[in-house]
Amino acid sequence: MAYFVGLISGTSADAIDAALVDITDSKIVLSHYLETPYPRDIRSRIERLISSTADSLTAAEFGLLDRLIGDAFGKAATNLLAVAGIESAQVCAIGSHGQTIFHAPSSNPPFSVQLGDPNVIAFATGITTIADFRRMDIAAGGQGAPLVPPFHATMFTREDYDVAVVNIGGIANVTLLPSRSDGPVIAYDTGPGNTLLDHWVHRHQGLSYDADGDWARTGQLMTALLHECLHDPYFALPPPKSTGREYFNRHWLDEKLKKTSATTVPAVDVQRTLVELSALTITRQIQQKMPKCAEIILCGGGVGNSFLVETIATATPAAITTTDTYKVPHAAVEAMAFAWLAQRRTAGLPGNLPSVTGANRSVQLGGIYRSDARATPSAA
Ligand SMILES: Nc1ncnc2c1ncn2[C@@H]1O[C@H](COP(=O)(O)OP(=O)(O)O)[C@@H](O)[C@H]1O
Ligand SMILES: [Mg+2]
């Protein structure tokens, strides 16, 4: 047994996902998974920050939020171990992604900011914590994202046919996995997953998400708006590319609505159209880059949106499954990936895939924040 914990809160900033994973040379097995919602005041601070401009953040607010998120992540790890009945001394390391508050891989120079002080996580849990996973890849000329694809490749590559893994978080990302020994892995953010859906249903229905896509299902597709959205230059950019809520946000949507004079149409029709946008930007990319893709394996919170899943299925000839089919709960994949990345760092192995992030070479990812509560992992 070699337990690692992975912690992440994605662009949706809905909850801290925590996975306890048993990683040995021969297999990777999820032991326990737990979502801990952010305390309400921390979530609203994050939401305020993400939806405003980064320039408006003071150093004091930045420092405070870094600490508060670190405390919340530490609590999420402690909760997970309590539920699992595992002592901290049994865990080799925690891999904490933190909370992205700004991702600017194309600025000059590029940067990406994740908060959640790893010192407080290490101290609260007594477990050595690895964090700041993105910036070594950026230093090496990469996008610092996406980082989960090598984990997808390890878990889901098939011997004899091409598959795509699609994570539908706030942003959707696709990992194209050619059948074993047949070409490099390609992976990138396709664009919006749930983020515009969450924003629109919140604005018009006061809900944090459109449960099962039930509201969108009753709307009419607005073709002009869909085409305007599909013409956004991001979708035509070649990989490597990654994006976030700094780009796909309410301002982005409002501009598309204005351009198509769609500001007065029924709100439900916009929701319906946004489902189509997420579905098509995923399936068209797969069709273009991997025409022989036989199976699309879905994961992430968007799997809960059954209307979105049906819309994806309608738009592709590939079979649609979820990671649950392979005994990997769809909500747990990203947290498991950060447990796996912590194991890689502990073993001194590289974590990035240069073919995915665009980095000059593969590098070890993450800084190590040792807990002095006990002996540290032997290979670190
Ligand atoms: N039952 C559901 N119906 C519709 N959408 C859902 C459901 N469950 C989760 N979601 C969507 O999944 C999102 C969270 O997905 P997640 O993978 O955690 O994203 P992120 O990685 O960005 O945090 C929610 O904001 C919501 O849009
Ligand atoms: Mg989430």
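What share of the contacts in the protein with a separation of 6 or more comes from residues 24 or more positions apart? The answer is 72%, where two residues are in contact if their C-beta atoms, placed from the backbone, lie within 7 Å.

## About the model

This is a predicted model, in which local features need pLDDT of at least 70 and side-chain atom pairs count only at pLDDT 80 or more, while totals for chains, interfaces and linings use all residues. Residues are numbered from 1 along each chain as its sequence is written, and chains are lettered from A and ligands numbered from 1 in the order in which they are written.

## Overall build

The protein has 14 helices and twelve strands; these are DSSP runs numbered from the N terminus, with helices being H or I of at least four residues and strands being E of at least two. Its radius of gyration is 20 Å, close to the 21 Å that the globule rule gives for 380 residues, so the protein is as compact as a globular protein of that length. That radius is taken over C-alpha atoms, and the rule is 2.2 Å times the number of residues to the power 0.38.

Along its principal axes, the C-alpha trace spans about 60 × 50 × 40 Å. Buried residues make up 50% of the 380 residues. Here a residue is buried if 20 or more other C-beta atoms lie within 10 Å of its own, exposed if 12 or fewer, and partly exposed in between, with C-beta atoms placed from the backbone.

Across the boundary, 23 residues of domain 1 are in contact with 25 residues of domain 2. On the side of domain 1 that touches domain 2, α13 gives the most, with five residues. The residues of that side divide into twelve nonpolar, ten polar and one charged. In this grouping Ala, Val, Leu, Ile, Met, Phe, Trp, Tyr, Cys and Pro count as nonpolar, Asp, Glu, Lys and Arg as charged, and the others, Gly among them, as polar.

Where does ligand 1 sit? Both domains give residues to the shell around ligand 1, so it lies between them. Of the 20 residues around ligand 1, Gly 10, Gly 169, Gly 170, Gly 301 and Gly 304 come nearest; a residue is near a molecule if its C-beta atom, placed from the backbone, lies within 6 Å of it. The shell divides into three nonpolar, twelve polar and five charged residues.

Seven of the nine residues of strand β2 (residues 15–23) are buried, so β2 is largely enclosed by the rest of the structure. Six bridges join β2 to strand β1 (residues 3–9) in an antiparallel arrangement, and nine antiparallel bridges link β2 with strand β3 (residues 28–37). Two strands pair if DSSP finds at least two bridges between them.

Ala 19 of β2 is the bridge partner of Gly 6 and also of Tyr 33 in β3.

## Backbone details worth a look

Most residues other than glycine have a negative phi, and most peptide bonds are trans. A cis peptide bond joins Asn 108 and Pro 109, and another joins Pro 239 and Pro 240. Phi is near 65 degrees at Asp 132 and near 65 degrees at Lys 327. Asp 132 counts as partly exposed because it has 18 C-beta neighbours inside 10 Å, whereas Lys 327, with 8, counts as exposed.

Definitions and conventions:
Domain bounds come from an automatic or database domain assignment.
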